[in-house]
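Look at the strands first, then follow them to the metal site. The walk below takes these in turn.

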Amino acid sequence: MTIKIAPSILSADFANLERDVRRIADADYVHVDVMDGLFVPNITIGIPVVRALRPTTALPLDVHLMIDRPVRYVEQFCDAGADIVTCHVEADSEAHTREALAKIHARGKRAGVVLKPRTPAEAALPFLDECDIVLVMTVEPGFGGQSFMADMMPKVARLREWIDGRGLPCELEVDGGVALGTRDACVEAGANVLVAGSAVYGAEDIPARIRALRG
Ligand code: DX5
Ligand code: ZN
């Protein structure tokens, strides 16, 4: 399986975002962590920053919405230049999550759902046929630089079985604590997109680190 690397700009220098996005030009996606201070206890990037980032890179912008009731904002993120928009299943009702995915698709963008560590794999099932990507959190969302939760790997493996079993083109992404020492477990469990914040931006040689993470 081809492994894609999505560096999280949460670990970039926010005063030099354009420079730091150019530094990951060898990656596959730019992972953008949006937090609202309600769904998670942190506030980060919003719609104007996504819009400002858009012309700085040719890479797809992978926008991870850690916000309450994301259906309210998905169209604005699409219009600001997001290519992939993912919504947490815990952030709203099933009907509203379905509506959010439909709104993203109506804008011609890729859509997905995200599962927090305590949310079972089954929570993604009602949406699987509508998802271009499923994101499994391997830390509690909110902050970069946390320790990888290896006990999430069975969840990743179950999702991989369902995706392949249904013959879906859905990607399977992991996010949190992914580094050189943990990427093999993710890939063995069936993930094909690896988000990495500190492991990429903390490296001396960023392109070399991206290559090493890709494997
Ligand atoms: C956490 C974010 C992650 C985070 C990953 O809420 O969703 O994308 O930036 O950072 P690292 O790779 O440092 O754990
Ligand atoms: Zn993220």
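His64 stands opposite Thr86 in strand E4. This is a predicted model, where local features need pLDDT of at least 70, side-chain atom pairs count only at pLDDT 80 or more, and totals for chains, interfaces and linings use all residues. Residues are numbered from 1 along each chain as written, chains are lettered from A and ligands numbered from 1 in written order, and side-chain values use heavy atoms, without hydrogens and water.

E3 and E4 run parallel, joined by four bridges. Strands (E, at least two residues) and helices (H or I, at least four) are DSSP runs numbered from the N terminus; two strands pair if DSSP finds at least two bridges between them.

E4 spans residues 84-88, and five of its five residues are buried, meaning under 20% relative accessible area with a 1.4 Å probe, protein chains only. Ile84, Thr86 and His88 lie on one side, Val85 and Cys87 on the other. In a regular strand the side chains alternate between the two faces of the sheet.

On its way to E5 (residues 110-115), E4 also runs parallel, with five bridges. Ile84 stands opposite Arg110 in E5.

Now the metal. Which residues hold the zinc ion (ligand 2)? The protein donors are His31 (NE2), Asp33 (OD), His64 (ND1) and Asp175 (OD), at 2.0 to 2.3 Å. His31 lies in strand E2 and His64 in strand E3, so the pair ties together parts 33 residues apart in sequence. His31 is buried, at 0% relative accessible area. His64 is buried at 0% too.

Notes
Donors = N, O, S within 2.8 Å, 3.2 Å for Na, K, Ca; no water. Buried < 20%, exposed > 50% of the residue type's maximum accessible area, 1.4 Å probe, protein only.
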